[in-house]
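Please examine the model displayed below alongside the report that accompanies it.

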Amino acid sequence: MIAGVLARATRALTTPLLPDDCLAFVNPLWSVRVPRGRIVATRPVGPSTTELTLRTGAGWGGHRPGQHVGLGVDLGGRRHWRTYSITSAPTDEHLTVSVTAVPDGSVSTHLARVARPGDLVGLGPAAGGFTAEGSLLMISGGSGITPMLGLLRGGTADDVVLVHSGRGAHVHADDLAGLPATVHRHDSTTGHLRPADLDALVPDWRSRTMLVCGPAGMLETFTAAAAAAGVPCVVERFRPPEPVAAGTGGTVTFTTSGVTAEADAVTPLLRAGEDAGALLPSGCRMGICHTCVGRLTAGAVRNLHTGELETADDGEVVVRTCVSAAAGDCAVDL
Ligand SMILES: Cc1cc2nc3c(=O)[nH]c(=O)nc-3n(C[C@H](O)[C@H](O)[C@H](O)COP(=O)(O)OP(=O)(O)OC[C@H]3O[C@@H](n4cnc5c(N)ncnc54)[C@H](O)[C@@H]3O)c2cc1C
Ligand code: FES
């Protein structure tokens, strides 16, 4: 009876807050509803790349090797979400990611150059299925080493050859030596790594499953070589493929936010809306996670990957705003 009175009193005192909100007030990492991580260490691992070590909170559900995580960073009064490959093993005490600052990149520059131990970041759930079984050939370029680190540290396979290509100082150079894999380094200042190099480096490459992550050119070249040789190939992309451009764009109305934006035919609705000040949900920003979906209530949009048109007249049309562009004036219920 006393407990009941106390519970009612607590509820009365904290309403409209939920118990989770009160826990988060005492320690943000205790929130299950709004998962967060706290940066406990930063370490330079390349000329523009910083490894972040994060203590995860109560809301973190763990990960599998090869998965990635959304990090939410508050910049300019808005939360921005970007995706980063997890480089730590599932059994490690802390979660690690490595962020390369890209030119004009708002979130990567902040995380790689400004973020400090003690800072909090939003944490999305782990996602993705970049993995394979059996004998593996990993091919990575630049910051594309990160999902390979996650797989190798997670102990995914016994027989792995890693060919890593970098320009001058390799990202995670000091960590390559300790990996459970045969490692070949290729210096791309002397020319790009080519499929023809594999015969000398990894003579049995045709009997291995290929995993590739790196610049767009590397992905295209090696997936084509794998297809030609009948070799299974799994790819991790950090950026979406070049958009399929057509038409002239239009005015996009985000009906829930009450924001309108002018968007051309190659700008994702997500970016157009954010630039106009709308608070829109997002995760991977390249069509994988479906966090950014909204119902198309008027007009038409074009899928930037396939070029296909989707129109509100087709019935219940749900679009991924990160890979859809306006095809004339349109409205989305976000
Ligand atoms: C599955 C997945 C895993 C990823 N893992 C990692 C990782 O482990 N480490 C890491 O550093 N990044 C990783 N990324 C990329 C990361 O999510 C961001 O895209 C990147 O940090 C740039 O964000 P930004 O906000 O700084 O740039 P934005 O402000 O979004 O873009 C600024 C400019 O940079 C260009 N740009 C965007 N992304 C890249 C890129 N990757 N390379 C070069 N130019 C770019 C844009 O076209 C734009 O011109 C991953 C992405 C995905 C989808
Ligand atoms: S943000 Fe992941 S699908 Fe759009």
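This is a predicted model: local features need pLDDT of at least 70, side-chain atom pairs count only at pLDDT 80 or more; totals for chains, interfaces and linings use all residues.

Residues are numbered from 1 along each chain as its sequence is written, while chains are lettered from A and ligands numbered from 1 in the order in which they are written.

**Overall architecture**

Along the principal axes, the C-alpha atoms of the protein chain occupy a box of roughly 70 × 55 × 35 Å. Of the 334 residues in the protein chain, 42% are buried, a residue being buried if 20 or more other C-beta atoms, placed from the backbone, lie within 10 Å of its own, exposed if 12 or fewer do, and partly exposed in between. Eight helices and 17 strands form the secondary structure of the protein chain; helices (H or I, at least four residues) and strands (E, at least two) are DSSP runs, numbered from the N terminus. Among contacts with a separation of 6 or more, 60% link residues 24 or more positions apart, where contact requires that the C-beta atoms, placed from the backbone, lie within 7 Å.

The division of the protein chain into domains is listed here; the bounds come from an automatic or database domain assignment.

| Domain | Residues |
|---|---|
| Domain 1 | 1-30 |
| Domain 2 | 35-123 |
| Domain 3 | 136-235 |
| Domain 4 | 250-332 |

**Contact between domains 2 and 3**

The centres of domain 2 and domain 3, taken over C-alpha atoms, are 24 Å apart. Their contact involves 14 residues of domain 2 and 13 residues of domain 3. On the domain 2 side, strand E1 (36-46) and strand E5 (95-100) each contribute at least two residues. By class, that side of domain 2 has six nonpolar, eight polar and no charged residues; Ala, Val, Leu, Ile, Met, Phe, Trp, Tyr, Cys and Pro count as nonpolar, Asp, Glu, Lys and Arg as charged, and the others, Gly among them, as polar.

**The six-stranded sheet**

Six strands form an open sheet in the order E4-E3-E6-E1-E2-E5, with antiparallel pairing; two strands pair if DSSP finds at least two bridges between them. Strand E4 (78-85) and E5 each have a single partner strand, so one side of each lacks a neighbour in the sheet. From one strand to the next, the twist averages 40 degrees.

E1 and strand E6 (residues 120-123) run antiparallel and are joined by three bridges, with Gly-37 partnered by Val-121 in E6. E3 and E4 pair over eight bridges, also in the antiparallel sense, and Leu-75 has Arg-78 in E4 as its bridge partner. Two residues lie between the strands of the E3 and E4 hairpin, where Gly-76 adopts a positive phi near 60 degrees.

Helix H3 (residues 106-114) lies across strand E2 (49-56), strand E3 (68-75), E4 and E5, and runs at about 90 degrees to E3. Axes are lines fitted to C-alpha atoms, for helices over the stretch in contact, with angles from 0 to 180 degrees between N-to-C directions. The loop between E2 and E3 holds Gly-57, which counts as buried because 21 C-beta neighbours lie inside 10 Å.

**The shell around ligand 1**

Ligand 1 is surrounded by 24 residues, the closest being Ser-85, Gly-105, Val-107, Ser-108 and Thr-146; a residue is near a molecule if its C-beta atom, placed from the backbone, lies within 6 Å of it. E4, E5 and H3 are the elements that give two or more residues to this shell. The shell comprises eight nonpolar, twelve polar and four charged residues.

Notes:
Two residues are in contact if their C-beta atoms, placed from the backbone, lie within 7 Å.
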